Each structure stands twice: as C-alpha cells, then as structure tokens.
Amino acid sequence: MENNQLSSEELIENENKVYRTLDGLGVDYDVIEHEPLYTAEELVAIKDIAKGTHCKNLFLRNSKGSEYYLIVVREDKQVDLKLLKDKIGSTRLSFASPGRLLNVLKLTPGSVNPFSLINDEEHKVKLFVDKDILNGENLNFHPNINTKMVNLPLDGFEKFLESLENYRENIEV
C-alpha cells in the first residue's frame with residue numbers, strides 16, 4: 001500500500017469480498033459496470049442504468065482522530081457536520097484523509113460505501129444510515145471499486161447491515 005495506492009490484486013480482492021459476502025447471505029444483486037465515478041455528483045451518468053436510490057458515503061473522523069464514522073445518505077442530501085456530531089454522539093467531525101481511509105478500510109477515495117466495512121476487521125468504523133434511503137427502492141453502492149455499481153433490494157441491504165458488528169442505527173440526518 002505504498003503512496004496511498006492499492007495493487008490491482010488488492011483492488012480485485014476488495015471487490016470480490018463484497019460478492020462473496022452477499023452470496024453468502026443469499027442476497028440477490030446486479031452488478032453494473034461504468035466509467036470511474038469519484039463523487040455523488042457524478043452519479044447522474046449512470047442513473048438510467050442503475051435504477052433506485054443512489055447514495056453518498058461520508059467517511060468521517062472525530063476531532064482527535066480516534067473515532068471513525070461512515071454516514072450513508074441519499075446522493076442529493078446536504079449534511080451539516082455540526083448538527084450530525086450531536087446526533088451520533090461525537091466531537092467535531094471532519095473528513096478522514098485518504099491515508100486514514102487506506103489504513104482503516106483498505107480503500108482509495110471514490111470507492112467508500114457500506115460494503116467497505118467488510119475490510120474493517122478491527123471494527124473501528126461506526127456505520128450510520130440515514131432513514132431517507134430506507135424507502136423500499138433498490139439501493140446502489142460501489143463494490144469497493146468505483147468502476148462498478150451493485151444494485152440490490154432494500155431487504156438485501158438490510159440483511160447485509162444485520163451481518164455487521166459495527167452497524168449502529170438508522171438516523172435522521
């Protein structure tokens with residue numbers, strides 16, 4: 001993991017962990033290939049082929065850098081970090097650096113998502129999901145790589161969440 005990069009073998013393994021986990025849970029899903037997407041704003045390019053709710057995933061840390069959070073919200077929702085800190089019981093929040101992302105979740109920017117917690121073997125990251133995405137529509141997340149999208153039904157996503165030790169709760173962001 002030199003220079004905040006992953007080898008092609010590590011990228012492939014990160015992606016395949018997602019599929020193995022979903023298959024092991026008996027979750028139905030589709031995989032959609034696309035050009036690399038790095039931000040929620042770029043999701044417009046694939047909305048016609050990836051139906052359902054698209055999300056942005058915020059990898060945050062507290063003021064001391066001792067706590068990590070993954071916040072999942074609809075791609076068009078604005079998040080006020082000052083208000084969010086109180087809702088999740090944290091000190092001041094800021095975005096974690098690419099180096100921290102690599103060290104904690106073994107990912108590079110643009111590919112973080114709830115499936116990333118598969119890589120969080122020490123359960124350092126607390127996951128909070130905004131209630132707005134739990135609306136019955138299919139959900140879309142990168143499978144730890146930003147050139148593909150996993151489209152899965154809400155009940156499949158909920159089954160995945162239940163399998164995580166570091167899933168905290170659904171909140172109103």
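**Talking through the model**

Me: Start with a helix. In α4, which residues on the other side are exposed?
Reply: On that side of α4, Asp 155 and Glu 162 are exposed. Exposed means over 50% relative accessible area, buried means under 20%, and partly exposed is in between (1.4 Å probe, protein chains only). Helices (H or I, at least four residues) and strands (E, at least two) are DSSP runs, numbered from the N terminus.

Me: Before we go on, what kind of model is this?
Reply: This is a predicted model, where local features need pLDDT of at least 70, side-chain atom pairs count only at pLDDT 80 or more, and totals for chains, interfaces and linings use all residues. Residues are numbered from 1 along each chain as its sequence is written, and side-chain values use heavy atoms, with hydrogens and water left out.

Me: Back to α4. Which of its residues are buried?
Reply: Helix α4 covers residues 154–162, and its buried residues are Leu 154, Gly 156, Phe 157, Phe 160 and Leu 161. Looking down the axis of α4, these buried residues fall within an arc of 160°, so they line one face of the helix. The arc is that of the directions from the helix axis to the C-beta atoms.

Me: Why would residues in a helix point the same way?
Reply: An α-helix has 3.6 residues a turn, so residues three or four places apart point the same way.

Me: Zoom out. How many helices and strands does the chain have?
Reply: The chain has four helices and eight strands. Along the sequence the pattern reads α-β-β-β-α-β-α-β-β-β-α-β.

Me: Which residues touch the most other members of the largest nonpolar core?
Reply: Those are Phe 59, Leu 105, Phe 141 and Leu 152, in a core of 30 residues. The largest share of this core, four residues, comes from α4. A nonpolar core is a set of buried Ala, Val, Leu, Ile, Met, Phe, Trp, Tyr and Cys residues joined through side-chain atoms within 4.5 Å.

Me: What does Phe 59 touch?
Reply: Leaving out residues up to four places away in sequence, the residues that Phe 59 touches include Tyr 68, Leu 70, Phe 95, Leu 101, Val 104, Leu 105 and Val 125. Contact means heavy atoms within 4.5 Å.

Me: Leu 105 keeps turning up. Which residues of α3 are buried?
Reply: In α3, the buried residues are Gly 99, Leu 101, Leu 102, Val 104 and Leu 105. Their cover includes β2, β3 and β5. Just after α3, Lys 106 takes a positive phi of about 55°.

Me: New topic. How many salt bridges are there?
Reply: The structure holds eight salt bridges. A salt bridge is a side-chain nitrogen of Lys or Arg within 4 Å of a carboxyl oxygen of Asp or Glu.

Me: What does Lys 126 form a salt bridge with?
Reply: Lys 126 pairs with Glu 67, with the closest N and O atoms 2.9 Å apart. Lys 126 lies in strand β5 and Glu 67 in the loop between β2 and β3, so the pair ties together parts that are 59 residues apart in sequence. Lys 126 is partly exposed at 23% relative accessibility, and Glu 67 is partly exposed at 27%.

Me: What about Lys 77, buried or exposed?
Reply: Lys 77 counts as buried, at 15% relative accessibility. Lys 77 forms a salt bridge with Asp 132, with the closest N and O atoms 2.7 Å apart. Lys 77, Asp 130 and Asp 132 are linked in a network of salt bridges.

Me: Last one. Where is Ala 45?
Reply: Ala 45 sits in the loop between β1 and β2. At 62% relative accessibility, Ala 45 counts as exposed. Ala 45 and His 34 are 11 residues apart in sequence and 8.7 Å apart in space, C-alpha to C-alpha.
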